[in-house]
Amino acid sequence: MKTVVSLSKLAEALKLKNLTPDIDMTKIELTTPDINRPALQLTGYYEHFVKERVQIIGYVEYTYIMQMPELERNRMYERFISSGIPCVIFTTLTEPSEEMLNISRKYGVPTLVTERTTSGFMAEIIRWLGVELAPSISVHGVLVDVYGEGVLIMGESGIGKSEAALELIRRGHRLVSDDVVIIRKVSDATLVGSAPDLTRHFIELRGIGIIDVKTLYGVEHVKNTQQIDLVIKLEDWNRDREYDRLGLAEEYTEFLGNKVVCHSLPIRPGRNLAVIVETAAVNHRQKKMGYNAAQELYRRVQQNMAVHREEKDK
């Protein structure tokens, strides 16, 4: 299923002023994160025009349009608006003439304005559309921001994911989503997780029920989105399985074609999951900064063995 976002959501998120309020923007869907500044189109060239994109008219385009004779300007603008574009956004304190607005109303194309500069606004709208329209999946788990690292806790139902998240919240960390995590592939190197609108800031605790983290612990303990840096899979302790005790080789799990470092954490009575998750997050952050404790220990062992060999040879 193709990802879409409504034009009304874009206008609300970027605080755009709507000059055509009689046009229903909730029914207009955006399907691509790319935008277009019509330049050649203003001269009449439509050979490779991608009409599905949001159209942005900056100060340069605006001054070019306004210096045209009125009849030619209206003819050009009518062809541009009737081409099937989703909307037109004017930037840098520019506004269309009333004749141009009438043409927009005629073809049902919303016209919006923003006071922001064209270059700054383009960067913002591309970033916003890139996140909203990114490929996405939903997974069962809990996403928490721990010391700035996005930790996705996964495992079977009832194994203790929500309880671990609650303890992390009490220790000062932030909840992103409980039970269902929406993962978006923002780039080939970045996955961003968020909660469904319906369950945002809520946690389900078996035996207690639903709690509102934002209300109970404050806004400083919740977050709407978070990059996923680390996955921790909780599983029942299996005495027959060999668990990694050194961590020399990283294990990975894959979402939407992106690999994320993954640790399998065996659960036994008495283990403090919150402390272990905190330690895993800090250790992962340390590795990204260039220090690997397992490799350092391995280097020391190898160095010690080399010293002993030299002494033995003497």
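The following paragraphs go through the chain as a whole and then through some of its residues.

The model is predicted, and local features need pLDDT of at least 70, side-chain atom pairs count only at pLDDT 80 or more, while totals for chains, interfaces and linings use all residues. Residues are numbered from 1 along each chain as its sequence is written, and side-chain values use heavy atoms, with hydrogens and water left out.

The chain contains 9 helices and 19 strands. Both are DSSP runs numbered from the N terminus, a helix being H or I with at least four residues and a strand being E with at least two. The chain has a radius of gyration of 27 Å, well over the 20 Å given by the globule rule for 314 residues, so it is more spread out than a compact globule. That radius is taken over C-alpha atoms, and the rule is 2.2 Å times the number of residues to the power 0.38. The C-alpha trace spans about 95 × 60 × 30 Å along its principal axes.

Of the 314 residues, 44% are buried. Here buried means under 20% relative accessible area, exposed means over 50%, and partly exposed lies in between (1.4 Å probe, protein chains only). The accessible surface of the chain is about 17600 Å², and carbon and sulfur atoms account for 51% of that. Such areas come from the Shrake-Rupley method with a 1.4 Å probe; for residues, only the protein chains shown count as cover.

Contact means heavy atoms within 4.5 Å. When contacts between residues at least 6 apart in sequence are taken, 69% of them join residues at least 24 apart.

Thr111 gives a local example. This residue is in strand 7 (residues 111-113). Thr111 counts as buried because its relative accessibility is 0%. Leaving aside neighbours within four places in sequence, the residues in contact with Thr111 include Lys17, Leu19, Tyr77 and Phe90.

The structure holds 4 aromatic pairs. Rings of Phe, Tyr and Trp (its six-membered ring) pair if their centres lie within 6.5 Å; planes under 30 degrees apart count as stacked, over 60 as edge-to-face and the rest as tilted. Tyr62 is in helix 2 (residues 59-66) and Phe90 in strand 6 (residues 88-90), so the pair ties together parts that are 28 residues apart in sequence. Tyr62 and Phe90 are buried.

Another pair, Tyr77 with Phe80, is tilted, with 6.3 Å from centre to centre and 55 degrees between the planes. Tyr77 and Phe80 both belong to helix 3 (residues 70-81), where they are 3 residues apart, about one turn of the helix. Tyr77 and Phe80 are both buried. Together with Tyr46 and Phe49, they form one aromatic cluster.

His201 is not a glycine, yet its phi is positive, about 75 degrees. His201 sits in the loop between strand 13 (190-194) and strand 14 (202-205), and it is buried, with a relative accessible area of 12%. Leu256, also a residue other than glycine, has a positive phi near 55 degrees. Leu256 is in the loop between strand 18 (252-255) and strand 19 (258-267). Its relative accessibility is 27%, so Leu256 counts as partly exposed.
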